[in-house]
Amino acid sequence: MRRLSARQADFADQLAQLLAFDAALSPAVEQGARDIITAIRSRGDEALLEYTRRFDQREVAHVGELEWPAAELEAAYQRLPQAEQEALRIAAERIRRFHERQKQDSWQYTDDDGTLLGQQVTALDRVGIYVPGGKAAYPSSVLMNAIPAQVAGVSEIIMVSPLRGGAEQDRVLAAAWLAGVHRFFSIGGAQAVAALAYGTATIPAVDKITGPGNAWVAAAKRQVFGQVGIDMIAGPSEILVIADGQTPADWVAMDLFSQAEHDEVAQSILLCPDAAYLNAVEASIARLLPSLPRADIIRQSLANRGALIEVADLAEACLIANQIAPEHLELSVADPQALLPQIRHAGAIFMGAHTTESLGDYCAGPNHVLPTSRSARFSSPLGVYDFQKRSSLIQVSPKGADQLGQVADLLAQGEGLMAHALAARYRTRR
């Protein structure tokens, strides 16, 4: 793990190297995803069955066999131990309560000339949710994607995931039942994304696809964008901690591990003005790391993209944080509210020593689908607003048609669009 100081003459270059990440997809993956999409578009269910046999080693005669009946989703919930049922239920309730506050309503107002203007907010008709399921199962991803869609009023939520069976599968199915998923197909990869985007005889086409996945899923989402909406192309997980040196060093070390354990290219950074505290966190990392099941992944992640950075003060830490624009930002300080006005770019902000990022991943309430790779500079967490769309309302009164028509007439002539000008002029009184 790198040890840096903001006072170094080459700090800007060092930070740029630390943040650099080549998110470009390999040409082989891009072309492979393109071939899969083309096959699904042209041969539908037939191609989907071929890819299911090839990639998932599952032999079925019809795509319909890959759909789980709704009753099975509830049965999976009932099979879970009571403690797990309760944990999922509490998480779902908190996520739903938070997202209900995001729901936007339609509005209208009337100008002085009697013209009505406004905005009509409507939910998407049908959305597709991709849930990873190759190496692990992620019921939290089900809740975070499906519940905002349900709150928004989406008519049909279609979920896909390459589940492998076992207790992990039951957790995902149980989460789908709690979150209001309408249909679930056990398919994955670029072929699942293509099926959702273009539809097959069995799988209905959706209007938007959300949820994370591997490089093939990312490539497919990138390529079907425009045919359907997508949430984002997610990069590696990130955490940035700003600490004042008062939080127990073990707590902060474990918070850095919490993102590093995702994969070898995840990023974990600590900013602090206290050199002795950085030493203490470094010692905690060395002591705690060997005991963790994913120690090898964490060790490689910290070596690749981790850093302990000494800053002059917390104000400088905030400036650097805005440059990094992290997915997760922990303000592990005595008075996080005092720093909050200085923070401009972060996917989610975790305030105070007791607010570990892990709570945000599972049950705090706000969404854990967050912008990565510095995209927090211009984008936001997944939310209800991602499953709603807005239509402008315009109802012009006779008086407004006269006044606005004259304005539009002149502006349209200036642009050389005479039909526009005349359409407006016809409605004026001159």
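Author: One definition before we begin. An axis is a line fitted to C-alpha atoms, for a helix over the stretch in contact, and an angle runs from 0 to 180 degrees between N-to-C directions. The model is predicted.

Reader: What angle and what distance describe the packing of helix 4 and helix 5?

Author: Helix 4 (residues 82-100) packs on helix 5 (residues 139-152) at about 40 degrees. Their axes are 9 Å apart. The crossing is right-handed.

Reader: What makes helix 4 and helix 5 a contact, and which residues meet?

Author: Contact needs heavy atoms within 4.5 Å. From helix 4 come Leu-88, Ala-91, Ala-92, Ile-95, Arg-96, His-99 and Glu-100. They meet Pro-139, Leu-143, Met-144, Ile-147, Pro-148, Gln-150 and Val-151 of helix 5. By class, the contact has 10 nonpolar, 2 polar and 2 charged residues.

Reader: How many disulfides does the structure hold, and how do you know that Cys-272 is in none?

Author: The structure holds 0 disulfides. A disulfide needs two cysteine sulfur atoms within 2.5 Å. For Cys-272 the nearest cysteine sulfur belongs to Cys-318, and that is 12 Å away.

Reader: Why is Cys-272 called buried?

Author: Buried means under 20% relative accessible area. Cys-272 has 0%. It therefore counts as buried.

Reader: And why is Cys-363 called partly exposed?

Author: Partly exposed lies between buried, under 20%, and exposed, over 50%. Cys-363 has 28%, so it falls in between.

Reader: Where is Cys-363, and what does it touch?

Author: Cys-363 sits in the loop between helix 14 (357-362) and strand 15 (388-395). Leaving out residues up to four places away in sequence, it touches Ala-91 and Arg-94. Cys-363 and Ala-87 are 276 residues apart in sequence, but 8.6 Å apart in space, C-alpha to C-alpha.

Reader: What makes Gln-102 buried or exposed?

Author: Gln-102 has 18% relative accessibility, and the limit for buried is under 20%. So Gln-102 counts as buried. Its place is the loop between helix 4 and strand 3 (107-110). Residues up to four places away aside, Gln-102 touches Gly-383, Val-384 and Tyr-385. Gln-102 and Gly-383 are 281 residues apart in sequence and 7.3 Å apart in space, C-alpha to C-alpha.

Reader: Why does Ser-237 count as buried, and what is it in contact with?

Author: Ser-237 is at 14%, and buried means under 20%, so the label holds. Ser-237 lies in the loop between strand 9 (229-230) and strand 10 (238-243). Neighbours within four places in sequence aside, it is in contact with Gln-259, His-262, Ala-266, Gln-267 and Glu-327.

Reader: Why is strand 11 called largely enclosed?

Author: Because 6 of the 6 residues of strand 11 (residues 267-272) are buried. Gln-267, Ile-269 and Leu-271 point one way. Ser-268, Leu-270 and Cys-272 point the other way. In a regular strand the side chains alternate between the two faces of the sheet.

Reader: What makes strand 10 and strand 11 a pair?

Author: Pairing needs at least two bridges. Strand 10 and strand 11 have 5, and they run parallel. Leu-240 stands opposite Ile-269 in strand 11.

Reader: Why are strand 2 and strand 9 placed at the edges?

Author: The open sheet has 6 strands in the order 2-7-6-5-8-9, with mixed pairing. Strand 2 (67-68) and strand 9 each have a single partner strand, so one side of each is left without a neighbour in the sheet. Strand 5 (residues 126-130) and strand 6 (residues 156-160) pair in the parallel sense over 5 bridges. Arg-126 stands opposite Glu-156 in strand 6.

Reader: How do you know that helix 7 is largely enclosed?

Author: 9 of the 10 residues of helix 7 are buried, so the rest of the structure largely encloses it. Among them are Gly-189, Gln-191, Val-193 and Leu-196. The buried residues pack against helix 2 (27-56), strand 5, strand 6, strand 8 and helix 8 (215-224). Helix 7 (residues 189-198) lies across strand 5, strand 6 and strand 8 (208-210), at about 175 degrees to strand 5. Just after helix 7, Gly-199 takes a positive phi of about 80 degrees.

Note on methods:
Residues are numbered from 1 along each chain as its sequence is written. This is a predicted model: local features need pLDDT of at least 70, side-chain atom pairs count only at pLDDT 80 or more; totals for chains, interfaces and linings use all residues. Side-chain values use heavy atoms; hydrogens and water are left out. Helices (H or I, at least four residues) and strands (E, at least two) are DSSP runs, numbered from the N terminus. A crossing is left-handed if the near helix is turned anticlockwise from the far one by less than a right angle, and right-handed if clockwise. Ala, Val, Leu, Ile, Met, Phe, Trp, Tyr, Cys and Pro count as nonpolar, Asp, Glu, Lys and Arg as charged, and the others, Gly among them, as polar. Buried means under 20% relative accessible area, exposed over 50%, partly exposed in between (1.4 Å probe, protein chains only).
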